[in-house]
Amino acid sequence: MEITVRSLWTLIHGMGFGALYLLACSGALVELCRFTTSSAPSEFTPGQERFLKFYLITMVVLAWVAVLTGAYVIYPWYRAVPPPGTVDLSMFPQRLLMSSPTTIGWHSFGMEWKEYVAWFAPISITMVAFVFIRYGRDLKNHRQLRAAVLCFTLASFVAAGCAGFFGLMLNKYAPVKGGHTIQLSRGEEK
Amino acid sequence: MNTSNNVASPNSPALTNGSGAAAILSAGIGSFALAVLAFAGDKSAHIKSSLVFYKPTGPLSGVTTAAILVWLFTWGILEWRWRKRTVGLGRINAVALVLLGLSLLLTCPPVVDLF
């Protein structure tokens with residue numbers, strides 16, 4: 001069982017940061033909704049509030065690390081230009097997708113949208129975390145702030161969901177491959 | 001936007017809403033800046049090439065870096081101006097959400113191709 005360095009980075013970016021962020025997002029939506037729509041938000045203990053603040057800061061870190069690894073580690077491998085005359089495009093995912101009318105849409109729609117829409121997630125969740133950390137329990141006195149926090153958390157979830165979906169599909173049709181091979185285990189012949 | 005200085009009373013919130021409003025509006029502006037830069041780069045080869053800050057990543061590097069700078073700069077200015085104020089948050093929320101919605105649309109390739 002082995003994996004290439006590029007595949008490992010794609011895995012870390014998608015499963016380690018992206019998918020974990022999406023999972024955390026659904027949890028944050030529920031908690032923020034509970035916190036902001038509860039008839040008595042004061043029932044939240046300082047410990048629960050502290051936990052939610054820590055949770056949101058973790059989400060901010062995950063979101064930024066996800067987009068930065070995507071843009072600066074994996075995207076350059078994705079958009080690498082093959083030398084003239086290259087026939088096997090398997091190491092050049094963008095060109096591989098563009099080489100067939102049945103897959104070009106995954107690049108021209110999927111990647112073209114994913115590369116930008118993903119950035120709305122960290123921007124939105126950074127704002128959400130800032131507002132929650134700054135106001136904490138005082139949010140119960142700011143109905144409109146609570147509404148904005150929920151809307152932006154939802155927007156962050158949608159943006160990350162779109163990016164995650166297209167990332168998954170792109171990697172299915174044109175996986176980022178190459179680099180050193182890491183041997184994870186040696187298989188035994190049956 | 002209507003603003004007023006905070007007047008403390010026993011029933012009023014402990015904090016003014018200005019700081020939150022600054023964060024919300026700047027997030028909308030930052031997102032919209034990203035969408036506008038992406039759109040401009042898609043429509044103009046000159047802008048596209050000027051947005052290449054890091055060659056392996058291409059124009060994406062310039063679009064996102066510039067948008068983040070716009071976002072943080074706007075946030076800093078608004079925070080400085082509104083931190084101790086109570087502002088009309090209804091309108092600010094509406095503007096921020098419209099900007100965010102437009103950003104999602106403006107980055108969507110079929111919408112970009114309409115122009």
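A residue counts as buried if 20 or more other C-beta atoms lie within 10 Å of its own, and as exposed if 12 or fewer do. Keep that in mind as we walk through this model, which is a predicted one.

Take A:G85 to begin with, which sits in the loop between helix 2 (46-78) and helix 3 (93-98) of chain A. Is A:G85 buried or exposed? With 5 other C-beta atoms within 10 Å, A:G85 is exposed.

Now hop over to B:A22, a residue in helix 1 of chain B. Here 26 other C-beta atoms lie within 10 Å, so B:A22 is buried. What does B:A22 touch, once residues up to four places away in sequence are left out? The answer is B:W75, B:L78, B:E79 and B:W82. Another residue to look at is B:T74: 52 residues separate B:T74 from B:A22 along the chain, yet their C-alpha atoms are 8.3 Å apart.

With that, let's look at chain B as a whole. Five helices and two strands make up its elements, and starting at the N terminus they come in the order β-α-α-α-β-α-α. Chain B has 115 residues, and 42% of them are buried. If you take the contacts in chain B between residues at least 6 apart in sequence, 81% of them join residues at least 24 apart.

Chain B also meets chain A. The contact involves 31 residues from chain A and 30 residues from chain B. On the chain B side, helix 1 (18-43), helix 3 (59-82) and helix 4 (89-106) are the elements that each give two or more residues. Which of them gives the most? That is helix 1 of chain B, with nine residues. Sorted by class, the side of chain B that touches chain A holds 18 nonpolar and 12 polar residues, and no charged ones.

Helix 4 of chain B deserves a stop of its own. Its 18 residues should span 26 Å at 1.5 Å a residue, and the C-alpha atoms at its ends are 25 Å apart, which agrees. The buried residues in helix 4 of chain B are B:L89, B:I92, B:N93, B:A96, B:L100, B:S103 and B:L106. Look down the axis of this helix and those buried residues fall within an arc of 165°, so they line one face of it.

Helix 6 of chain A packs against helix 4 of chain B at an angle of about 10°, their axes 10 Å apart, which makes the two helices roughly parallel. From helix 6 of chain A, the contact uses A:Q144, A:L145, A:A147, A:A148, A:C151 and A:A155; helix 4 of chain B brings B:L89, B:G90, B:N93, B:A96, B:L97 and B:L100. By class, the residues of this contact are nine nonpolar, three polar and no charged.

Technical notes: Residues are numbered from 1 along each chain as its sequence is written. Chains are lettered from A and ligands numbered from 1 in the order in which they are written. This is a predicted model: local features need pLDDT of at least 70, side-chain atom pairs count only at pLDDT 80 or more; totals for chains, interfaces and linings use all residues. Two residues are in contact if their C-beta atoms, placed from the backbone, lie within 7 Å. Helices (H or I, at least four residues) and strands (E, at least two) are DSSP runs, numbered from the N terminus. Ala, Val, Leu, Ile, Met, Phe, Trp, Tyr, Cys and Pro count as nonpolar, Asp, Glu, Lys and Arg as charged, and the others, Gly among them, as polar. The expected span of a helix is 1.5 Å times one less than its number of residues. The arc is that of the directions from the helix axis to the C-beta atoms. Axes are lines fitted to C-alpha atoms, for helices over the stretch in contact, and angles run from 0 to 180 degrees between N-to-C directions. Angles under 35 degrees count as roughly parallel, over 145 as roughly antiparallel, 65 to 115 as roughly perpendicular and the rest as oblique.
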